[in-house]
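Trainee: Could you walk me through this one before I set anything up with it?

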Amino acid sequence: MIELLDKLDRRIIYLVIGIVVAYPLIVHPVMPIRVSEEVKRAYEFVEDSLPSGSVILISIDYDAASEPELTPMFRAVLTHAFRKGHKVIYMGHWALGLPLAQKDLEEIAHRMGKTYGVDYVNLGYRPGFVTVMLAMGRELRDIYSSDYQGIPIDSIPMMANIHNYDQIDLIIGFEAGSTGEFWIQYVGSRFNKRMFFGTTGVVAPDLYPYYASGQILGLIGGLKGAAEYETQIGHPARGVFGMPAQSFAHLAILIFIVIGNIGYILRRRR
Amino acid sequence: MKREVPLAITFITGVLLVVAFFVPHPPLGDLQQRFQIWYSIVAGFTFLLGLDSLVKHHLKKIQHRRSGWGFSVALLISFFTTLILGFYSWFVFSSPYDLRAPFQWLYTSVILPLQATMFALLAFFIASAAYRAFRARNLAASLLLVSAGIVMLGRVPIGKAIWSGLPVISDWIMNYPQMAAKRGILMGTYLGAIAMSLRIILGMERTYLT
Amino acid sequence: MNFFDLFGTWLAAGLTVAILSFLYRDNPLYKFAEHIYVGASAAFWVVIFWYSDVKPMLIDRALDPQYPLGEKLILLIPTIFGIMMLLRWFPKVAWISRWPIAFTVGMAAGLALTATVQGYIVPQIKATLFPVVVITKDPLISLWRSLMNIFVIFGVFTTILYFYFSKEHTGLLKVGSRIGIIFIMVGFGASFGYTIMARISLLIGRIYFLLHSWLGVID
Amino acid sequence: MLWVIIIGLLPPGGVKAFDTPSDGGGSVTIRWELSPSETLSQFLGYRILRGESEAGPFEEVGYVIKGRGEYQDRSTEDGKSYYYLVVGVAVGDSVASSVVGPVISSAQWFNANRLNVLIFTFLISLFVLLYIRRAKRERLFIRKIPGLDAIEDAVGRSTEMGRPILYSFGLGLLSDVVTIASLSILSRVAKKAAEYGTRLIVPNYDPLVMTAAQETVKQAFTEAGRPDLYNEGDITFLTQDQFGYAAGVDGIIVREKPGTCFWQGYFFAESLILAETGHSVGAIQIAGTIAVTQLPFFIAACDYVLIGEEMYAASAYLRPEPQMVGSLKGEDIAKALIMALIIFSALWGTVGVLLNQWMGSSTLLDAFHSFVNWFTVGE
């Protein structure tokens, strides 16, 4: 018995961790989530301030390493935007992140019955983020003469009257690095554009000052932020169910540590 | 020639870069960037040596029918498929990053899930390492255990539910003792890096030469 | 969903399961996924590196008629260094690859020497230069902050003492370095605990992929 | 279209243009006092215009948002005269300052912003060099580093068990100084391995590190008198993908079952994947890294860990040539200096604060603040 507590097979630990993380994702236990002010503001802008049919630009500025934190918020925000009947322009500054989130874009568009070229457009990736940001202030066709599949922009119905930021009502960036600050400096201030961000837990404190000063409308931080946004739109998913998964896993690890110490103390007593 | 020239190259490169750091005037002002570009070019060539090493290693395995040679065949197939698709995407779509390019499909369907899953193994390993290592063997180990436990619980909603003081203490540990220790360790580390750099420039560190 | 998307999802799911099977023990499934991974990623990063580094830095410049001739000639130096590396394929002249290695090592040292002082030593010294006493309107807060200031200075001080190499750790130095190790351990424990959350998020992401994108059993 | 009419938009005042100091040329700095109209919500920012004569024509070279009173025009040609003006921009309106100039840009020979860096680099280097010189005359002490003492036993144990040794540099590149420190540890490990006749496997992430490792091991085997044991096929390249590397090394661990694993160099998140797998096959593990974020994981999973500076000290410790040890002594002197500086400033600052509080004299405190500010690192 003591031997068992002291030298637990690591596979038992792996199994328990796997179960406590997967369980909440399947069974969906309810855990109350308090929505923070930063997330509520972002939500309310999309919900109340934008008339249906507004144009939202979504920028994917992350890649695989931050995918688990940022994809849930991207999905929540996109679902919300589509539900309100907004039109979405999808683009991004991190080359390897775009193909990643594209899957979610297409899945959600399909589920909500949205049509490519009418309700949303995927512009793809172009190198040089500052150049891209500034050029889109004049005429986005200078950079994006065609969409990600090579279809000329001018033949896409949704883009007919969209030339630059003047026709875009909101910019939403999903940020894993400092690209968000460039959005604020080069686009937010210069073109007087409204925007908010979803960021990783690590990046959120860097962008908080911009929220405090009113330069960005809202801020969704980490998996917790995603859970809050999902709660707001009444569509609980990875974020909401991830919260109990986190708590259970932490608790499980703690219990293992306690078991290990009991085993250790008993063995020493002998 | 075999020893003196490399030592001289190291010395000159090192000293030039140190001087250039303080002199903005051309041609020294942009020397750091210039040398980094040189480095990238050299690394680009050296990749060929790396690939050669990888391919040769597995060809040999296949040749001698060593155990698991079938997996080496799989490795070589995936290697050359990726390489060919990469150059195909580069030349046909003018960029391997193009979302239509098969290279991107390969990235999302093969490399990405592999990366993400290897990374996710850490969720399991961090648990087994914590179970094994966090034993109250002595004072130092006990402190490791206690501070890990507090910070761990302080980060999740359930910790706050157990005791509202946990997040507060957890923040305090991160902001004071953790920060002080990190600063002390890094101070020593960077002084060590300076002494190491000096020894390299002076030719005292040359295990790869002599 | 077209064929390639569907095939891609199944492939990704299969590889995910194969890697996870390593947790039980090494097995042919993991072995297969591992070999596919090493082969594909080695080629993947080479293409990315050549496309985003070597091409713009060397090839585009060499072919650009606008790029000054003098600069083009200077680019010959790293190119020759690069070729010297490849001479390792010929044992007789392999030793010449030590020249570009020596250049890289010299560069590492030259950059690190000033970069560490500029990027770390001076800023961190600056961050540790503060008065011990803090005076605010609330005497309790003043006392607390002052104590914390002393605490931080004490922590940095004793941690540095632990790394003192050139003296036997006896007497006062022994006491100091022991306290230093206490700070180090508390710090390590804290960062260990702090990281767990991010690692669990990764696993949530993977399980979600399997259950949602592949099997479609959860929303 | 909505027209906003702003009555009396005021221009930015006191515009100054001068050659940017401490730079490599090609740049002029323009500074101005913020327009009093900034308080209006319609006010957006400033456009900076440049011309080659006082009368113009002027063209825009830059734009900054409101609240900023400085811009660097980095597109000037050295030796040429330029004239500048700053235009305050609001929604539907704008107003220009007066023209300033001429101004000529040039390059400087010393970056005055980096004076503090120069002084510290010089002082630390001086201590190190001084003690390297002094060490030639007298024998200096060096404290025990258990992780390095353990190398020989670990290699011996691998030999007894008839298992190979695994050595990894992690994700460090040859352009990282810590990799070079790791090379000298590898040299020692290789020499011992050659003496015992034990196989040494070194899988690599960076091809340049691979070549340097091959040179190092070959050299060490030759010095140990066993060049015949050297096998280039054991020092290979895997992949330059963080987790691909981890997957590959994990595969090697579970199949070759090394008796000893060395994790020496720069590591990121893969550290624990490697060390847990190493532990699962019962290997003795000796880790060393300067990556502070990864140290806790190595501490948890390995038998010995070289923490930060101990790794850099390894080459001096393993080859106790007097000069090498001298450089460690030099580091220690620098540490003592830094600690003295911290204590001194704590006292100075405290006395300053107290004097300010009790006697109302801020002279000492002001002096303290400017002393601290001197440590600000400039570009």
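Predicted model: local features only at pLDDT ≥ 70, side-chain atom pairs only at ≥ 80, totals over all residues.

Trainee: Fine, sheet first. What's the strand order in the open sheet of chain D?

Mentor: The order is β1-β2-β5 in chain D, an open sheet of three strands with antiparallel pairing. Since β1 (13–19) and β5 (70–73) of chain D stand at the edges and each has a single partner strand, one side of each is left without a neighbour in the sheet. Neighbouring strands of this sheet are turned by 15° against each other on average, with direction ignored.

Trainee: And how many bridges join β2 to β5 there?

Mentor: Four bridges join β2 (residues 28–33) of chain D to β5(D), the two running antiparallel. If you want a residue pair to look at, Ile30(D) has Tyr71(D) in β5(D) as its bridge partner.

Trainee: Switching topic: where does UniProt put the "transmembrane region" feature in chain D?

Mentor: The UniProt record, an unreviewed entry, places that feature at residues 82–103, 115–132 and 336–355 of chain D.

Trainee: What's the secondary structure over 82–103 of chain D?

Mentor: Residues 82–103 of chain D are 0% helix and 77% strand, and the C-alpha atoms at the ends of the span are 5 Å apart. Residues 115–132 of chain D, by contrast, are 100% helix and 0% strand, with end C-alpha atoms 26 Å apart.

Trainee: OK, and which residues does it list for chain B?

Mentor: For chain B, the unreviewed UniProt entry lists residues 7–25, 37–55, 67–93, 105–127, 139–163 and 183–202 under "transmembrane region". Among them, residues 37–55 of chain B are 100% helix and 0% strand in the model, with end C-alpha atoms 27 Å apart, and residues 105–127 of chain B are also 100% helix and 0% strand, with end C-alpha atoms 34 Å apart.

Trainee: How is chain B divided into domains?

Mentor: The assignment gives domain 1 (1–64) and domain 2 (67–127) for chain B. Their C-alpha centres lie 27 Å apart, and the contact takes seven residues from domain 1 of chain B and eight residues from domain 2 of chain B.

Trainee: How much area is buried between those two?

Mentor: About 700 Å² is buried between domain 1 and domain 2 of chain B, and carbon and sulfur atoms give 84% of it. On the domain 1 side of chain B, Val55(B), His58(B) and Ile62(B) lose the most area to domain 2, together 60% of what that side buries. Zero salt bridges are found across this interface of the two domains of chain B.

Trainee: How many salt bridges between the domains of chain A?

Mentor: The count between domain 1 and domain 2 of chain A is one salt bridge. Glu67(A) and Arg238(A) meet through their side chains in a salt bridge, with an N to O distance of 3.7 Å.

Trainee: And what about chain D against chain C, how many residues are in contact?

Mentor: There, 71 residues of chain D are in contact with 55 residues of chain C. Chain D and chain C bury about 5,700 Å² between them, 73% of it on carbon and sulfur atoms. In chain D, Arg143(D), Arg255(D) and Met339(D) lose the most area to chain C, together 12% of what that side buries. The count between chain D and chain C is four salt bridges, and Glu215(D) forms a salt bridge with Arg98(C), where the closest N and O atoms are 2.9 Å apart.

Notes. Residues numbered from 1 in each chain as written. Chains lettered and ligands numbered in written order. Heavy atoms only, no water. Pairing = 2+ DSSP bridges. Axes fitted to C-alpha atoms, helices over the stretch in contact; angles between N-to-C directions. UniProt positions renumbered as here; feature names shortened; annotations may be inferred. Contact = heavy atoms within 4.5 Å. Buried area = accessible area lost by both parts, 1.4 Å probe. Domains from an automatic or database assignment.
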